[in-house]
Amino acid sequence: DHGITCPPPVSVEHADIRVKSYSLYSEERYICNSGFKRKAGTSSLTECVLNKATNIAHWTTPSLKCIMFSQVLWPFQRNSYVTLLRSSLLWEREGWPG
């Protein structure tokens, strides 16, 4: 496995990745672009793994979905205090920002 490296990772919509290491078993994280937040339940993690059959390394596909802040803040497009309160509680639970 020595000297095997991964190619550049796949691009994820509205997200960016800065790879520190392309070596086998490296773990990297995508970061949602400015104005976007990680959708709850999706993962920004990708890992450089080896396809044993082909002996070719590749990055695992992240489940990451980056959604616009406005969709998080105003799910009902209603300028209500309740919606804002709900969103604040959501941020506290999910972590802020993504």
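Visitor: Is Arg18 buried or exposed?

Guide: Arg18 is exposed, with a relative accessible area of 64%, where exposed means over 50%, buried under 20% and partly exposed in between, for a 1.4 Å probe and protein chains only. This is a predicted model, in which local features need pLDDT of at least 70 and side-chain atom pairs count only at pLDDT 80 or more, while totals for chains, interfaces and linings use all residues. Residues are numbered from 1 along each chain as its sequence is written, and side-chain values use heavy atoms, with hydrogens and water left out.

Visitor: How many salt bridges are there?

Guide: Side chains of opposite charge can pair when their charged atoms come close. With a salt bridge taken as a side-chain nitrogen of Lys or Arg within 4 Å of a carboxyl oxygen of Asp or Glu, the count is two. Asp16, partly exposed at 35%, forms one with Arg18, the closest N and O atoms being 3.7 Å apart. Lys20, exposed at 75%, forms one with Glu28, again with the closest N and O atoms 3.7 Å apart, and Glu28 is buried at 3%.

Visitor: Which residues of strand E2 lie on its covered face?

Guide: In a regular strand the side chains alternate between the two faces of the sheet. In E2 (residues 27-32), Glu28, Tyr30 and Cys32 form the covered face, and Glu27, Arg29 and Ile31 the uncovered one; strands here are DSSP runs of E with at least two residues, numbered from the N terminus.

Visitor: What stands opposite Asp16?

Guide: Two strands pair if DSSP finds at least two bridges between them. Strand E1 (residues 15-17) is joined to E2 by three bridges, running antiparallel, and Asp16 stands opposite Ile31.

Notes. Helix = DSSP H or I, 4+ residues; strand = E, 2+ residues; numbered from the N terminus.
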